[in-house]
Amino acid sequence: MHELSQPGGWLPLVFMALMGMAMLIYVVLDGYDLGVGILLGFANEGEKDTMVESIGPFWDANETWLVLGIGLLLSAFPIAHGIILGELYLPVAIMLVGLILRGVAFDFRMKARAAQKGWWNGAFRAGSVVAALAQGVMLGRYITGFQAGAWAWAFALFVGVSLAAGYTLLGACWLLMKTEGELQRRAVAWARGSLWLAAAGIAAISVATPLVSSFVFHKWFSFPNIVLLAPVPLMTAVLFAMVGVALEHQPRTDERWSWLPFAGTVGVFVLAFFGLAFSIFPFVIVDRMTIWQAAAAPKSLSFILAGAVIVLPVMAASSAYSYWVFRGKARELSYGTPASSPLVMDRARAHEKCNAPVRFPYGDGS
């Protein structure tokens, strides 16, 4: 480990923290809208517009956190960036195809004719499923240190399914918070169905990760770490139980508490992320390269940090402002102005005046 009083020692730590924060924010924010996209296939036609409306103001901005995380990896850890993206070339390409398909389908479904709208809804769902599975496979490959072999790929595929289940849980809890009526009741059922699969996935990943890396095993099960870190899995289990209890009382309970399942699920993701970050630190590539070995020159990191100090608050403030403006319940998509609105009524009166018959003061004007 480098001397932390020197820029070459503490700057890589700062960038590792910034990159981790960006990726965590992305997983939570884009995770719920990917989950809503996955659930689109289980909704009826009348509910799909409301589901899309619930994520419409946010989904595109949510993906900027992924761009930030990858950008920080490229600029701060260029050697690791080349190795990681080289190893993950195929799942990254598949993920991008899914994200592009989602973006195209989101725009086209709003303008498509009724006969074509179902196809674009299916494309939006397919893109969400593909992106979620690809991200899980990328995580699984990263955890195993890109080891070769059928078992490593099988583990990565299992992580892909587990992450998709976690995203589905996030999306269902988001809909529970943002919708009402029958759609809200269906969101509760979707959340209950994905809760236990997501919990089983996190438990399996927690057990498997120490087994695939001797470094992680000794880090978690050596004394005193085993005592100090015991609250992490216990708190995760408690949060899962709390989410389950909250779902049992939804939507019968007070509407003001509809945010609890979503907040609990976010807490689970935060704890799981902390466990993973602790497991691999100080490696940026498990068992192969530390953050100091992969870091760019201190002068380069100082220059990049100056830009990050400006960009990060702007991104955070922009996201917070959009969530504040579009707070409250989502409604069905509407691309016109309600007929009863003052604007439409004023326009109607103006139209009547413009089209009223011309009255001449002296005769009929002939």
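Are Asp 33 and Arg 102 buried or exposed? Both residues are buried, where buried means under 20% relative accessible area, exposed means over 50%, and partly exposed lies in between (1.4 Å probe, protein chains only).

This structure is a predicted model, in which local features need pLDDT of at least 70 and side-chain atom pairs count only at pLDDT 80 or more, while totals for chains, interfaces and linings use all residues. Residues are numbered from 1 along each chain as its sequence is written, and side-chain values use heavy atoms, with hydrogens and water left out.

**Confidence**

The predictor's confidence in each residue is the pLDDT, which runs from 0 to 100. Its mean over the protein is 82, and 88% of the residues reach 70 or more. Over residues 335-348 the pLDDT stays under 50, and the model has six contacts for them beyond four places in sequence; a contact means heavy atoms within 4.5 Å. Residues 358-366 also have pLDDT below 50, with one contact in the model beyond near neighbours in sequence.

**Salt bridges**

A salt bridge is a side-chain nitrogen of Lys or Arg within 4 Å of a carboxyl oxygen of Asp or Glu. The whole structure contains four salt bridges, including those in the table below.

| Pair | N to O distance |
|---|---|
| Asp 33 and Arg 102 | 2.6 Å |
| Glu 47 and Arg 186 | 2.8 Å |
| Glu 248 and Arg 192 | 3.9 Å |

The helices and strands named here are DSSP runs, numbered from the N terminus (helices: H or I, at least four residues; strands: E, at least two). Asp 33 belongs to helix α1 and Arg 102 to helix α6 (residues 89-111), so the bridge between them links distant parts of the chain, 69 residues apart.

Glu 47 is in helix α2 (residues 45-55) and Arg 186 is in helix α9 (residues 181-212), so this pair ties together parts that are 139 residues apart in sequence. Glu 47 is buried, with a relative accessible area of 6%, whereas Arg 186 counts as partly exposed at 24%.

Helix α9 also holds Arg 192, whose partner Glu 248 lies in helix α12 (residues 231-248), 56 residues apart. Glu 248 is partly exposed at 44% relative accessibility, and Arg 192 is partly exposed at 31%.

**Nonpolar cores**

A nonpolar core is a set of buried Ala, Val, Leu, Ile, Met, Phe, Trp, Tyr and Cys residues joined through side-chain atoms within 4.5 Å. The largest has 91 residues, of which Met 51, Phe 77 and Trp 190 touch the most other members. Helix α1 (residues 7-39) gives the most to this core, with 16 residues. Leaving out residues up to four places away in sequence, Phe 77 touches Pro 12, Phe 15, Met 16, Met 19, Leu 72, Ile 291, Ala 294 and Ala 295. Another core, of six residues, lies apart from it and includes Ile 143, Phe 155, Val 159 and Val 212.

The expected span of a helix is 1.5 Å times one less than its number of residues. The 30 residues of α7 should therefore span 44 Å, which agrees with the 44 Å between its end C-alpha atoms. Val 129 lies in this helix (residues 114-143) and is partly exposed at 28% relative accessibility. Just after α7, Gly 145 takes a positive phi of about 70°.

Thr 290 is in strand β2 (residues 289-290) and counts as buried at 17% relative accessibility. Beyond its neighbours within four places in sequence, Thr 290 is in contact with Pro 282, Phe 283 and Val 284.
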